Amino acid sequence: SRVLARATSTDDGYAVVPLHDRLAHCDERGENAKLVSLDDDILLVAVRDISPGEAITRDYFLAPQLENDISDGPLRLLLQFGLPPNISIEPSE
């Protein structure tokens with residue numbers, strides 16, 4: 001099921017960020033935004049230029065994996081985030 005907030009990792013630990021799981025999955029260009037912690041705040045910041053009309057995206061493959069979850073690729077995206085298999089593009093490194 002889709003949720004409005006769940007625990008996610010940041011550069012400094014973990015946080016619950018409302019609507020973070022509603023961001024689009026990135027394409028081959030990689031995510032264009034990420035969470036960073038600054039003192040007591042969690043910020044969603046751009047990591048590259050975002051074109052007008054481009055969706056704000058994150059890389060769901062970088063999300064923490066649930067304990068004992070051995071699924072990967074499209075199956076993991078479907079089971080953990082409810083994302084359809086047709087968007088399971090892993091960005092180029």
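**View 1. Three salt bridges are found in this structure.** A salt bridge here is a side-chain nitrogen of Lys or Arg within 4 Å of a carboxyl oxygen of Asp or Glu. Welcome to a predicted model, in which local features need pLDDT of at least 70 and side-chain atom pairs count only at pLDDT 80 or more, while totals for chains, interfaces and linings use all residues. Residues are numbered from 1 along each chain as its sequence is written, and side-chain values use heavy atoms, with hydrogens and water left out.

**View 2. Aspartate 27 and arginine 29 join their side chains in a salt bridge.** The N to O distance is 3.0 Å. Aspartate 27 is partly exposed at 23% relative accessible area (buried means under 20%, exposed over 50%, and partly exposed in between, with a 1.4 Å probe and protein chains only). Arginine 29 is also partly exposed, at 47%.

**View 3. Arginine 29 also forms a salt bridge with glutamate 54.** Their closest N and O atoms are 3.3 Å apart. Arginine 29 sits in the loop between strand S3 (24-25) and strand S4 (33-38), and glutamate 54 in the loop between strand S5 (41-46) and strand S6 (57-58), so the pair ties together parts 25 residues apart in sequence. Strands (E, at least two residues) are DSSP runs, numbered from the N terminus.

**View 4. Glutamate 54 forms a salt bridge with arginine 48.** Here the closest N and O atoms are 2.9 Å apart. Glutamate 54 is buried, at 17% relative accessible area, whereas arginine 48 is partly exposed, at 23%. Through shared partners, salt bridges link Asp27, Arg29, Arg48 and Glu54 into one network.

Technical notes. Helices (H or I, at least four residues) and strands (E, at least two) are DSSP runs, numbered from the N terminus.
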